[in-house]
There are 2 protein chains.
Amino acid sequence: MELNHGLDDRKLKILHAVIKNYLETGEPVGSRTISKYTDLNLSSATIRNEMADLEDLGYIIQPHTSAGRIPSDKGYRLYVDMLMAEKEQEVIEMREQMLEKADKMDKILKQAAKVLAVNTNYATMVSAPTMNRNKLKFIQLSQVDEHQIIAVIVMEGNIIKNKIVTVEETLNNEIMLKLNMLLNTSLPGMSIEEINLGMIAALKEQAGEQSEIIGDVLHAIGSTIQPEDLEIYTSGATNVFKYPELSDNHSAQEIINAFEEKQMLQEIVTQTLSKEDNHGIQVYIGNETPVQSMKDCSVVTATYELGEGMQGTIGIIGPKRMDYEHVMKTLKTLMTELDEIFHKQE
Amino acid sequence: MELNHGLDDRKLKILHAVIKNYLETGEPVGSRTISKYTDLNLSSATIRNEMADLEDLGYIIQPHTSAGRIPSDKGYRLYVDMLMAEKEQEVIEMREQMLEKADKMDKILKQAAKVLAVNTNYATMVSAPTMNRNKLKFIQLSQVDEHQIIAVIVMEGNIIKNKIVTVEETLNNEIMLKLNMLLNTSLPGMSIEEINLGMIAALKEQAGEQSEIIGDVLHAIGSTIQPEDLEIYTSGATNVFKYPELSDNHSAQEIINAFEEKQMLQEIVTQTLSKEDNHGIQVYIGNETPVQSMKDCSVVTATYELGEGMQGTIGIIGPKRMDYEHVMKTLKTLMTELDEIFHKQE
DNA sequence: ATTAGCACTCGAAGGAAAAGAGTGCTAATA
DNA sequence: TATTAGCACTCTTTTCCTTCGAGTGCTAAT
């Protein structure tokens with residue numbers, strides 16, 4: 001990443017100070033504050049001049065004539081990029097918090113969101129891993145009663161899906177055995193995309209009389225595993241109330257709504273997964289976000305891996321004056337943690 | 001239900017008018033308004049006298065000396081009880097809305113919450129049916145790989161649960177077959193409560209060498225089906241912003257938080273299911289609610305049945321000045337709808 | 001190049017005044 | 001006797017004005 005701004009060291013330091021201070025207070029910051037806050041030993045007047053320059057360059061903004069300055073999106077962006085360039089590593093007590101409830105995957109992810117929300121004081125989301133490229137591991141058909149069979153589908157990573165299929169005729173044990181054999185000899189090891197029409201036709205052919213059932217089952221597999229199933233767990237949505245600039249207007253409403261409906265959060269997940277750089281961490285500031293209702297926020301996302309192309313997204317949504325440093329550290333830690341938990345589980 | 005208030009017809013009419021008007025406007029209502037609003041043809045002065053009486057009797061309240069009156073909890077209670085006494089029936093287009101997405105149970109319930117929220121403009125919740133008294137229908141153990149077997153548990157009503165159990169030794173086909181036989185000869189038809197320690201001991205006895213696995217599986221069944229799993233779907237939490245008396249203070253925060261964490265909503269479900277009257281509809285006004293953070297709200301709940309003792313809860317949370325009439329109608333309709341959908345499915 | 005000093009701007013906070021809504025009480029009325 | 005008109009009173013809400021303070025930009029001095 002190139003940090004190609006035309007700023008000299010002093011301007012950079014002042015900008016840094018403005019942003020950092022604003023992150024803490026949430027109030028516009030004035031020249032006198034900076035004069036004391038930094039170790040530059042400059043008078044407020046000098047700072048004022050520099051700040052006027054920074055404003056011309058578009059890094060900071062004056063909400064009104066006689067207020068201090070707040071960072072612009074461009075300013076935040078520079079700040080974040082600088083952070084990105086640094087390397088950090090730090091493991092905190094999140095580990096224990098996480099492992100406490102590590103049970104089934106949905107529990108883990110729910111817990112992850114919660115831990116993250118508590119640790120950062122922002123709203124958080126965690127998406128269940130998408131499994132487009134994931135492979136089938138095992139299929140089992142069982143007779144539940146006369147007209148219903150249950151299909152249990154296990155994917156790599158032990159993701160389990162069920163589907164009840166209704167059948168016309170009652171099937172005897174032999175046939176069930178045959179169907180199970182058929183499915184389990186050909187399908188395991190295949191990914192969803194590989195199961196195409198030709199494949200399905202071939203299987204149906206082999207199934208003979210039961211071709212219809214095989215069709216139904218395969219159809220069920222397809223529809224069950226479609227990405228429409230993309231689960232998203234959220235926590236700490238009410239944290240937005242902690243930041244006046246978000247809770248004032250009705251933007252809080254929009255954000256919380258997005259969190260409840262989850263529809264829009266999928267946008268973020270999609271977008272995040274489509275790019276891949278920055279050690280998997282991405283930051284959307286203000287209007288950069290894929291979701292319009294969050295234009296007054298910043299969104300920080302990270303990708304976690306589950307092997308075999310399965311990946312999910314962790315996201316933090318907060319005010320633009322987000323504590324990027326802390327958030328990115330925490331996110332990185334959690335990411336690593338999830339990677340580990342899931343890989344150990346297998 | 002006894003409507004044992006000591007109110008004459010005129011007082012009742014005035015109280016009714018006050019409440020109804022307040023429900024619409026959200027503002028305290030004065031004597032002049034009532035004078036015009038009702039068909040009593042009384043002057044504001046007379047109304048004033050009556051209202052003073054009603055206040056003495058505790059049915060209405062004056063927020064401050066020179067304001068109109070608003071209903072007290074006791075007033076609402078009377079109003080609601082009167083509504084309860086009426087019979088209503090009405091099927092609206094909810095039916096189509098519901099069936100549109102009727103697929104798997106969680107989808108149905110999610111959709112139900114949404115439809116309800118849109119139809120009423122309040123926050124809504126729907127709990128998945130609890131299955132304490134529900135019976136096992138079918139169990140299937142399958143080998144997934146060397147050290148893992150998957151237990152698929154199907155309950156009456158086709159509720160499916162999965163659990164991966166890790167085993168020490170690899171099990172051969174014969175043993176798997178034997179275990180499946182064992183489980184499926186004794187367990188189906190039993191309810192969770194019936195599977196007690198003696199039962200477990202007997203099964204372990206029969207399992208011989210594999211007693212440990214049986215133990216694990218049974219334990220898994222127990223823990224998988226425990227009410228901690230009680231899923232709750234919510235929608236329209238942000239509707240609270242539509243009612244100033246809820247959105248002003250930080251009570252909106254508390255309510256929305258309760259909706260996100262869902263923990264507290266369980267209280268409501270529990271409480272609702274423990275009682276059974278009023279055609280399954282219950283109303284908690286203000287402090288009557290089981291959840292403290294909703295003391296400024298009213299909560300209306302209904303119970304839907306799924307046969308075999310399985311039942312779930314639908315709830316609406318809104319301001320005390322809720323449109324009880326509409327809500328109860330809608331709730332009753334949806335309740336019926338859910339009953340039907342689920343029974344047809346089986 | 002830096003800084004001190006100062007006039008200026010503009011929002012926030014405070015407070016008085018006016019407006020408005022509604023009451024309770026009394027006296028008049030049907 | 002029940003109802004109503006009238007009026008003084010109370011209390012909130014709104015509006016407008018003032019003051020205060022934080023911060024600026026500019027100029028002149030260092």
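**Figure 1. Polar contacts between the protein and DNA strand D.** In this predicted model, a polar side-chain atom of B:R10 lies 2.8 Å from a phosphate oxygen of DNA strand D. An N or O atom in the side chain of B:S66 is 2.9 Å from a base oxygen of DNA strand D. From chain A, a backbone N or O atom of A:A67 lies 3.4 Å from a sugar or linking oxygen of DNA strand D. A polar contact is a pair of N or O atoms within 3.5 Å; within protein, one atom must be able to donate a hydrogen and the other to accept it, and residues adjacent in sequence count only if both atoms are side-chain atoms.

Figure 2. Of the 21 residues around DNA strand D, A:S31, B:R10, B:T46, B:T65 and B:S66 come nearest; a residue is near the strand if one of its heavy atoms lies within 4 Å of it. Sugar and phosphate make up 75% of the atoms of DNA strand D that come within 4 Å of the protein. The residues of this surface divide into 4 nonpolar, 13 polar and 4 charged. Here Ala, Val, Leu, Ile, Met, Phe, Trp, Tyr, Cys and Pro count as nonpolar, Asp, Glu, Lys and Arg as charged, and the others, Gly among them, as polar. Helix α3(B) gives the most to the surface, with 4 residues.

**Figure 3. The salt bridge between A:K20 and A:E325.** The side chains of A:K20 and A:E325 meet in a salt bridge (3.6 Å, N to O), defined as a side-chain nitrogen of Lys or Arg within 4 Å of a carboxyl oxygen of Asp or Glu. A:K20 belongs to helix α1 (residues 9–25) of chain A and A:E325 to helix α13 (residues 324–345) of chain A, so the pair ties together parts that are 305 residues apart in sequence. Helices (H or I, at least four residues) and strands (E, at least two) are DSSP runs, numbered from the N terminus. A:K20 is partly exposed, with a relative accessible area of 30%, and A:E325 is partly exposed at 29%. Buried means under 20% relative accessible area, exposed over 50%, and partly exposed in between (1.4 Å probe, protein chains only).

**Figure 4. The salt bridge between A:K137 and B:D145.** These two side chains meet at 3.3 Å, N to O. A:K137 lies in strand β4 (residues 136–145) of chain A and B:D145 in strand β4 (residues 136–145) of chain B, so the pair joins two chains. A:K137 is buried, with a relative accessible area of 18%, whereas B:D145 is partly exposed at 28%.

**Figure 5. Helix α7 of chain B.** Helix α7(B) (residues 173–186) has 14 residues and reaches 20 Å from its first C-alpha to its last, close to the 20 Å expected at 1.5 Å a residue; the expected span is 1.5 Å times one less than the number of residues. B:M176, B:L179, B:N180, B:L182 and B:L183 are buried. Seen down the axis of α7(B), the buried residues fall within an arc of 160°, so they line one face of the helix; the arc is that of the directions from the helix axis to the C-beta atoms. On the other side, B:N173, B:E174, B:L177, B:M181 and B:T185 are exposed. At the start of α7(B), a side-chain oxygen of B:N172 reaches to within 3.2 Å of the backbone nitrogen of B:E174.

**Conventions.** Residues are numbered from 1 along each chain as its sequence is written, chains are lettered from A and ligands numbered from 1 in the order in which they are written, and side-chain values use heavy atoms, with hydrogens and water left out. For this predicted model, local features need pLDDT of at least 70 and side-chain atom pairs count only at pLDDT 80 or more, while totals for chains, interfaces and linings use all residues.
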